[in-house]
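Thanks for making the time this morning.

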Amino acid sequence: MKQIAVSMRGISKRFGKKVLANNKVDLDIYEGEILSLLGENGSGKTTLMNMLAGVYYPDEGQIFIKNTEVSITSPKDAYDLGIGMIHQHFKLIDVFTALENILIGLPSDEREKTCREEVEEICNKYGFELDLDKKIYDMSVSEKETLEIVKTLYRGADILILDEPTAVLTPQEIRKLFTILRNMKEDGKSIVIITHKLNEVMEISDRISVLRKGENVGTVLKSETNEQQLTEMMVGEKITLDIARDFVEDKAKRLEVKHLRVKNADDKMVVDDISFDLYSGEILGIAGISGSGQKELLEAIMGLQKCEEGSSVIYNSTAHGVHELVGLSTKEIIAHGLHLAFVPEDRLGMGLVGNMGMTDNVMLKRYRKGSGPFLHRKQPEATAQKIKDELEVLTPDLEYPVRKLSGGNVQKILVGREINNKPTVLMTAYAVRGLDINTSYAIYNLLNEQKKKGVAVIYVGEDLDVLLALCDRIMVLCSGKLNGILDGRSASKEEVGYLMTHLKQEEE
Amino acid sequence: MSASQIISWCVAAITFGTVIMYGCIGETINQKAGDLNLGVPGVMQIGGIASLACAFLYENNVSAPNPWVSMILCLLATLVASALAGALYAFLTVTQKVNQNVTGLTLTILGTGIANFFGGNLMKLSGGVGTISVSFTAAMFKAKLPFLFGKFGTFGSIVFSHGWMVYLALLLAFGIQFFLDRTRTGLNLRAVGENPATADAAGINVTRYKYLAAIIGSMICGVGGLFYVMDYIQGTWANDSTIEALGWLAVALVIFTSWRPRNATWGAYLFGLCYWAYIYIPTGISKFLADKLKLQNVTYMQNLYKMLPYLVTIVVLCVVSRKKKRENQAPASLGQSYFREER
């Protein structure tokens with residue numbers, strides 16, 4: 001029988017008066033195991049673990065480490081007890097080197113040289129690859145993740161908590177990480193992974209605890225469960241996990257992108273000579289490591305980025321005729337009545353105004369059309385009501401600031417507004433980022449409906465499983481270049497992952 | 001322009017530069033901890049008036065004043081008063097999480113008020129405007145370096161004709177640079193300013209670092225105020241808030257130096273040269289420029305010269321921001337309060 005490393009009893013945590021993040025949670029973590037903490041967004045996984053890591057302090061409940069009750073009031077306390085957490089947003093300092101990041105906060109009698117040697121020893125033991133003199137801003141996400149783990153181990157952590165460690169890694173990098181986690185498990189460490197990706201849970205964990213609405217709804221052994229059961233535990237009801245993908249006949253070319261090139265503020269080519277066609281009745285997925293030019297590509301089509309000479313985007317619609325989009329501003333595109341809809345990545349930054357209600361946000365794109373100096377609110381109000389009813393947006397009323405709504409509701413409002421204009425082309429960037437399973441599926445369904453109506457849809461995504469299930473074609477970007485277009489029905493995850501990380505050599 | 005003019009221009013520039021060098025070093029420590037303390041002009045005034053009041057009271061109430069005692073008392077008064085101002089800033093921004101810009105600007109207004117209140121009262125005690133003088137104590141601060149003063153020709157008259165506090169500022173600039181770059185405490189301090197959440201998670205006491213940075217930084221700014229009173233205006237006082245203008249230049253100098261006190265050692269003097277340019281630029285050049293710019297009166301040129309320190313700052317900001325080197329940027333969390341439990 002394995003020893004219990006940590007046990008949490010009756011842990012509750014509130015934020016303000018309304019939000020009960022954790023409600024009387026019991027949880028055990030054993031030595032030498034990998035425990036997955038599964039749950040939807042907002043189910044309280046991260047909050048629970050933050051209390052173990054000393055970031056938050058529980059309102060109620062007890063924590064026992066190796067059968068001794070402890071009080072963890074700061075991250076330092078947690079380190080002293082051998083608990084280390086790797087947060088989803090890495091706690092690293094950009095302008096420091098890897099070694100400096102390990103050194104901060106250590107007692108000053110800890111010599112830099114001995115520290116370097118010990119870190120190298122850890123790397124060799126578990127198989128990490130790390131350049132200690134590299135600055136963080138030069139590092140890839142996976143290097144940063146490695147550094148975080150090494151840092152935590154160097155500080156003597158026996159209990160490692162990883163918050164969504166695979167969110168931004170490629171399939172190849174995930175496999176490498178899992179190998180290392182298994183090595184650490186063999187070494188007797190306790191590992192907790194916070195995640196909502198079922199396939200990874202089934203691959204790596206020994207036991208799985210599921211949280212729903214802040215409560216622990218059960219702990220199961222991996223060997224005795226399956227994905228369907230876990231999903232039901234997570235959402236509390238039966239749902240189907242399949243994403244529909246219909247085949248639409250009569251495709252017509254809607255966008256013809258030719259030699260599109262965009263430079264960023266540093267004069268670096270971020271979209272480098274990309275050409276592709278987009279058809280009605282299809283969902284074109286765009287895959288790539290974040291920052292490979294996805295954002296700039298969509299923004300360039302939308303008139304938000306200055307394109308280099310020779311770029312061309314031909315918009316072709318039955319209703320509005322043929323237009324060259326390069327050179328037009330967003331305002332002109334809207335004024336011409338061209339039906340391009342854009343759901344940006346930064347919902348509350350570029351998409352909606354957080355402090356305004358639904359009605360005002362609906363008006364944003366059309367207030368110029370009114371006559372006279374006063375706003376006409378009747379029609380937008382009706383539209384907002386329609387979006388609220390059809391997409392089941394949960395908001396106290398139409399004037400409630402959208403900033404205060406959950407991410408899923410914010411996204412529904414944004415998508416609702418964009419499709420309300422009956423777009424010819426609908427572009428979405430990370431449309432389900434941060435959304436729970438139910439809302440994600442609601443968004444997939446919306447996109448599928450639009451596709452059936454003959455809209456040409458672009459879906460920039462990060463979850464390869466979803467891209468492969470939803471999209472008709474998948475375009476892979478790699479450092480700003482187009483690295484291949486695959487058929488969504490036949491491509492494999494490994495193929496897409498390979499194209500994301502390995503730029504094809506230019507033909508001689 | 002004669003050699004003696006060049007010498008006196010440089011000497012004036014060094015005196016001016018020293019005031020803002022202290023302010024710049026102090027503010028850099030503040031900003032490295034993530035606190036944009038816009039109260040520097042206020043803290044300098046508080047430091048300045050504290051030394052003046054101390055010297056005035058000591059000189060007038062002790063029958064046989066000792067210059068050494070007076071000097072040390074002045075320094076202590078300045079350090080204590082400016083430390084209190086720094087502690088007030090830290091209490092408001094770190095503990096109470098008040099907006100840093102508002103707090104800093106208010107501290108400047110407070111400092112101006114305190115300085116003018118006590119300045120006005122001291123003037124009444126001494127018998128009217130312009131009568132205040134603590135030259136007895138000021139002489140101690142202006143004491144020249146032994147062995148070196150008056151030697152090495154032109155070079156010597158520029159470099160070795162100052163009071164000891166000018167050289168202390170240089171030592172401090174290099175010392176603080178070494179502290180930031182090479183010591184573990186300096187590394188921790190920079191971590192706090194870059195990303196307090198990370199520093200916190202690494203076990204650094206963010207609150208303590210921020211408090212100490214605000215207090216020590218303010219003490220150094222306060223010494224700048226002392227130098228202004230004792231050396232720059234030679235132990236006198238006027239309720240004209242000139243010192244406030246210098247305080248703002250010290251804040252600009254922090255940006256000019258890309259948060260490196262080492263660069264302040266020449267940047268501050270360059271600001272000094274620019275500041276005094278309107279007096280020393282030969283009339284021939286002014287006439288020529290005035291003709292080119294079709295100005296009716298040559299004296300208008302002087303007003304344009306007075307813009308030089310600000311123009312230089314703008315030019316440097318443009319150049320630095322074009323380079324986009326991450327190490328030259330402000331600390332990443334500058335201006336933001338830190339809440340551990342923020343969601």
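Before the first pair, a word on terms: axes here are lines fitted to C-alpha atoms, for helices over the stretch in contact, and angles run from 0 to 180 degrees between N-to-C directions. Helices (H or I, at least four residues) and strands (E, at least two) are DSSP runs, numbered from the N terminus. Please keep in mind that this is a predicted model, in which local features need pLDDT of at least 70 and side-chain atom pairs count only at pLDDT 80 or more, whereas totals for chains, interfaces and linings use all residues. Residues are numbered from 1 along each chain as its sequence is written, chains are lettered from A and ligands numbered from 1 in the order in which they are written, and side-chain values use heavy atoms, with hydrogens and water left out.

Let me begin with helix 7 (residues 164-182) of chain B, which packs against helix 10 of chain B at an angle of about 160°, the axes lying 11 Å apart. These two helices of chain B are therefore roughly antiparallel to each other, since angles under 35 degrees count as roughly parallel, over 145 as roughly antiparallel, 65 to 115 as roughly perpendicular and the rest as oblique. On the helix 7 side of chain B, the contact (heavy atoms within 4.5 Å) is made by M165(B), V166(B) and L172(B), and on the helix 10 side by I220(B), V223(B), L226(B) and F227(B).

Helix 10 (residues 206-232) of chain B also packs with helix 3 (residues 67-95) of chain B, here at an angle of about 140° and with axes 7 Å apart. That makes helix 3 of chain B oblique to helix 10 of chain B.

A further pair in chain B is helix 1 (residues 3-32) and helix 12 (residues 261-280), whose axes are 6 Å apart at an angle of about 135°.

Now to the interface, where 34 residues of chain A are in contact with 21 residues of chain B. The area buried between chain A and chain B (the accessible area, with a 1.4 Å probe, that two parts lose on being put together, summed over both) is about 2,300 Å², and carbon and sulfur atoms give 55% of that.
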